[in-house]
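Let's take a friendly tour of one protein model. Keep the sequence and the 3D view side by side as you read.

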Amino acid sequence: MGLGSRAICFAKRTLEICDRLGAGVSMLAKGVQWNIGKVFHDNRLLYEFNLLPEDGHAFPAFINLQQPLFEKFLHEAIVKAQSQGAPIEIRGSNRIDAVVRHEDHVTIDVMTPDGPYVLEADWLVACDGARSPIRSMLGHGFDGRVFEDNFLIADVKMKANFPTERWFWFEPHFKSGDSALLHKQPDDIWRIDFQLGWNIDRQKELKPENIRARVSAMLGPDVDYELDWCSIYTFQCRRMEKFRNGPVLFAGDSAHQVSPFGARGANSGMQDADNLGWKLALVVQGLAPDTLLDSYDSERVYGADENIANSTRATDFITPKSAISKLFRDAVLQLAETVPFARTVVNSGRLSMPCTYDGSPLNGPDVASFPARTRPGSPCPDAPIGADWLLRLLGGNFTLLAIDADVPTTFSACGIPLSVLSVSGRDNKALGERYLGNATSAVYLIRPDQHVAARFEHFDEEVVAAAVGRAIAKDVVDA
Ligand SMILES: O=C(O)CCc1cccc(O)c1
């Protein structure tokens, strides 16, 4: 039995980030891949949705993978990077007992099984979870909305033939909860979430015989299963006001929290790390001003607000809190089976998508006639390139992507050598649709986190160098 929740659903964007770090292939091989969701009311299928209704992507919309396995694959990638000389040190069993924030550095008291030591650091990234001791030690607030409902997680081990899809029930006919959710995980483990309501007796609900009564009612009396891991959780939707506080940066659950519905917790934490990593690296190397880190704050606060808004809407729909909200919700569910427009109002969780940083101060010039989905701020959509994939070829540097356009074979701006990738959009439907639209050529400036920084009709050295300067928060361009 446990407390809280553990992530299982890892989104396409997370897999693309992990692929860049060398862990995507093993995650994909072990994970249960899925694109389809089905929504039921009582015993009726209302509708189904496809989260990736187009070809030309290396990764599926989602994989399900137990969080410890996800972490194991990341750890393996770190060990491999270390063996290739990456200056990464992992110190297990080290606990931060005190943090003092100075203008330009932090002092940290660390406790280990071998005794304490003091560390001075130019930067501290606090990824220490929803209860973040570092956030408390520094006295930062963490305000938001508490949702008055309890959810039971029952991870059960069984051989079953349900398709690998996300199934969600409102008011299920098997009456094991006010709502229920089913996901397949690797190794014959199935995640079931039951909505229990607010005023419950936790100890009683966590008794194995009571959990089994709910699971058996759902699966039927003849299905053989074992309880693998169970937990009851409540949740809040909240965020810190600022994710950057001088030399201390907050990422993941320490900075923001959402409900599990939509799988936006772990997936947004990965986007935080991806956003922060390249910026911190450039600042540490003296290639970008420290103000670049303010854009971590503005971009990821924007992302967190999007996640919180989606998560709050889903939770309000799943757990209506007034008679009138419930009446509205039930009317929508009644209509949804037969009236397509009503399905757009049903909300069992809008699943995690990467954020487009519209309005980011790092965004440079745009060409309005190019496709909207690749406008500045957008996460690059994948596309096949011969036997390879665009995102794999883009890698993790600033990159000049030339599609049937003339660009130099090497190019540096602001002291940063850019990678140059020249590809053809001819006979490549996916690349053409996603990056060219009606144009026959294009030049894209891509950030190390594979978001579009700027795009141009033609390569112009001065214009592109200025866009690189803007993308690293440098006003003066010294190419
Ligand atoms: O399908 C969803 O909306 C999320 C499923 C999920 C994610 C994390 C924990 C959990 O119990 C369920």
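This is a predicted model: local features need pLDDT of at least 70, side-chain atom pairs count only at pLDDT 80 or more; totals for chains, interfaces and linings use all residues.

**Nonpolar cores**
- The largest nonpolar core holds 49 residues, and those touching the most other members are Leu282, Leu292, Phe398, Leu418, Leu445 and Ile472.
- Leaving aside residues up to four places away in sequence, Phe398 touches several residues, including Trp278, Leu282, Leu445 and Ile472.
- Its contacts also include Ser419, Arg447 and Pro448.

**A three-stranded sheet**
- Three strands form an open sheet in the order E2-E6-E3, and their pairing is antiparallel.
- Strands E2 (9–11) and E3 (32–34) are the edge strands; each has a single partner strand, so one side of each lacks a neighbour in the sheet.
- On average, neighbouring strands here are turned by 30° against each other, direction ignored.
- E2 and E6 (residues 62–64) run antiparallel and are joined by three bridges; Ala11 has Phe62 in E6 as its bridge partner.
- Helix H1 (residues 12–20) packs on this sheet, where it touches E2 and E6. The direction of H1 makes about 70° with that of E2.

**Two positive phi angles**
- Cys414 is not a glycine, yet its phi is positive, near 55°. You can find Cys414 in the loop between strands E22 (411–413) and E23 (416–423).
- Is Cys414 buried or exposed? Cys414 is buried, because its relative accessible area is 2%, and buried means under 20%.
- Ala473, also a residue other than glycine, has a positive phi near 60°. Ala473 lies in the segment after helix H13 (461–471).
- Ala473 counts as partly exposed, because its relative accessibility is 24%.

Note on methods: Residues are numbered from 1 along each chain as its sequence is written. Side-chain values use heavy atoms; hydrogens and water are left out. A nonpolar core is a set of buried Ala, Val, Leu, Ile, Met, Phe, Trp, Tyr and Cys residues joined through side-chain atoms within 4.5 Å. Buried means under 20% relative accessible area, exposed over 50%, partly exposed in between (1.4 Å probe, protein chains only). Contact means heavy atoms within 4.5 Å. Two strands pair if DSSP finds at least two bridges between them. Helices (H or I, at least four residues) and strands (E, at least two) are DSSP runs, numbered from the N terminus. Axes are lines fitted to C-alpha atoms, for helices over the stretch in contact, and angles run from 0 to 180 degrees between N-to-C directions.
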